[in-house]
Amino acid sequence: MYNYKNVDINLLQGDITKLEVDAIVNAANNTLLGGGGVDGAIHRAGGREILEQCKKLGGCPTGEARITVAGDLPARYVIHTVGPKYKIDKNKEVFLKSAYTNSLNLADDYKLDSIAFPSISTGVYGYPIMEAVDIALQALGEKIDSGTNLKKINFILFSEEDFNVYKEAFDKKLL
Ligand code: ADP
């Protein structure tokens with residue numbers, strides 16, 4: 001557990017669909033109609049209510065974020081954001097950072113206390129996790145510096161390997 005300016009920052013390893021937080025973030029695609037990886041896991045565990053709301057949103061541009069209910073999940077909301085595809089998108093650093101920042105801003109709009117992020121873009125979208133973690137930390141730091149209602153910000157990594165990459169970067173920046 002880390003703390004920066006009175007915000008608790010947690011690193012976890014496991015499955016984001018199990019977390020009892022105000023919002024979990026989904027690494028979605030532009031259609032918001034479901035996909036593989038964490039997106040598939042969230043829709044499978046959350047049930048059809050999430051997909052029903054997603055259908056009404058008409059997609060989401062890369063780097064932006066949208067919010068829905070969380071259906072059968074223990075979380076209250078799902079914030080769907082779309083990270084860049086590493087090999088295809090230009091300005092990928094900008095888009096990855098804004099995916100994090102816009103998700104955090106949306107959580108603040110809803111006055112949420114807690115949020116959990118997966119590692120956006122580092123699965124199928126191919127972003128190297130060692131580069132991605134620095135961008136996640138930048139977005140996190142800037143958001144907290146500019147003021148947030150959030151009390152607890154969690155990052156959950158699916159694999160032990162990814163967890164260790166995050167831990168090293170977080171230790172360097174936040175300890
Ligand atoms: P993207 O398309 O943005 O790359 P992916 O879902 O393919 O998204 O991968 C993003 C990250 O989410 C990967 O590190 C993957 O291991 C991880 N992941 C997959 N399933 C889960 C889950 N249930 N909980 C947390 N993280 C997950």
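Modeller: In this predicted model, a backbone N or O atom of V124 is placed 2.9 Å from an oxygen atom of the ligand.

I turn now to the helices. Two packed helices are described by the angle between their axes and the distance between the axes.

Helix α1, residues 37-46, packs with helix α2, residues 48-57, at an angle of about 120°, and their axes are 6 Å apart. On the α1 side the contact involves I42, H43 and G46, which meet R48, I50, L51 and C54 of α2. Four of these residues are nonpolar, two are polar and one is charged.

Helix α3 spans residues 92-109 and helix α4 residues 129-146; their axes come within 9 Å and cross at roughly 40°. An angle between 35 and 65 degrees counts as oblique, and α3 and α4 are therefore oblique to each other. Their crossing is right-handed. From α3, the contact draws on E93, L96, K97, Y100, T101, L104, N105 and D108, while α4 supplies A132, I135, A136, Q138, A139, L140, E142 and K143. By class, eight residues in the contact of α3 with α4 are nonpolar, three are polar and five are charged.

Helix α4 also packs with helix α5, residues 160-174, at an angle of about 40°, with 10 Å between the axes. α4 and α5 are therefore oblique to each other as well, and α4 passes α5 in a right-handed crossing. Here I129, M130, V133, D134, A136 and L137 of α4 meet D162, V165, Y166, A169, F170, K173 and L174 of α5. The contact of α4 with α5 comprises ten nonpolar residues, no polar residues and three charged residues.

Notes:
Residues numbered from 1 in each chain as written. Predicted model: local features only at pLDDT ≥ 70, side-chain atom pairs only at ≥ 80, totals over all residues. Heavy atoms only, no water. Axes fitted to C-alpha atoms, helices over the stretch in contact; angles between N-to-C directions. Helix = DSSP H or I, 4+ residues; strand = E, 2+ residues; numbered from the N terminus. Parallel < 35°, antiparallel > 145°, perpendicular 65-115°, else oblique. Left-handed = near helix turned anticlockwise from the far one by under 90°. Contact = heavy atoms within 4.5 Å. Nonpolar A, V, L, I, M, F, W, Y, C, P; charged D, E, K, R; others polar. Polar contact = N/O pair within 3.5 Å; in protein donor to acceptor, adjacent residues only side chain to side chain.
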